[in-house]
Amino acid sequence: MGMDEENTLPESLVEKLRATDQDTSMITARVDREISETAAAQFKGRVRRRRSLPVWLATAASVLLAVFLVTNPFQDPLPTFSDHDGSGAVDIADVMALARRGDTAQADLDAFALQIVALGDSE
């Protein structure tokens with residue numbers, strides 16, 4: 001006896017099961033209508049309020065955000081790319097002079113050195 005033969009039901013039982021199998025609706029049309037009418041009556045007297053910002057407030061916020069992004073007041077200014085050692089030229093010695101002073105952050109020194117290298121490449 002094969003696997004299919006073991007799982008096969010008698011045809012008379014299959015027909016009885018098919019006859020009893022029906023789609024059942026949990027909510028009938030009458031219940032659906034009553035729910036809709038009750039909800040409509042419940043919300044009929046309520047006024048719907050819009051919750052939006054006034055146009056002037058949204059505009060002001062946009063302008064302030066744009067100014068902040070352009071100016072970024074929290075960013076430290078880079079050291080000026082100028083002759084710090086008095087040699088008459090802007091070169092890597094100026095970066096070393098700034099480093100010896102000790103008042104310039106390493107990130108700013110790195111940016112200054114990269115600028116000098118970039119200036120040297122363009123000549």
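Let me begin with Leu-9, which sits in the loop between α1 (3-6) and α2 (11-20), where helices are DSSP runs of H or I with at least four residues, numbered from the N terminus. What we have here is a predicted model, in which local features need pLDDT of at least 70 and side-chain atom pairs count only at pLDDT 80 or more, while totals for chains, interfaces and linings use all residues. Residues are numbered from 1 along each chain as its sequence is written, and side-chain values use heavy atoms, with hydrogens and water left out.

Leu-9 has 46% relative accessibility and therefore counts as partly exposed, a term for values between buried, under 20% relative accessible area, and exposed, over 50%, with a 1.4 Å probe and protein chains only.

Now to the salt bridges, each being a side-chain nitrogen of Lys or Arg within 4 Å of a carboxyl oxygen of Asp or Glu; how many does a search of the whole structure find? There are three salt bridges.

In helix α2, Arg-18 pairs with Glu-15, three residues away, about one turn of the helix, and their closest N and O atoms are 3.6 Å apart. Arg-18 is exposed because its relative accessible area is 56%, whereas Glu-15, at 41%, is partly exposed.

In helix α3 (residues 29-43), Glu-34 and Arg-30 are four residues apart, again about one turn of the helix, and their side chains meet in a salt bridge at 2.9 Å, N to O. Glu-34 is partly exposed at 40%, and Arg-30 is partly exposed at 49%.

Finally, Arg-101 forms a salt bridge with Asp-103, with 3.3 Å between the closest N and O atoms, and both residues are exposed.

Methods:
Helices (H or I, at least four residues) and strands (E, at least two) are DSSP runs, numbered from the N terminus.
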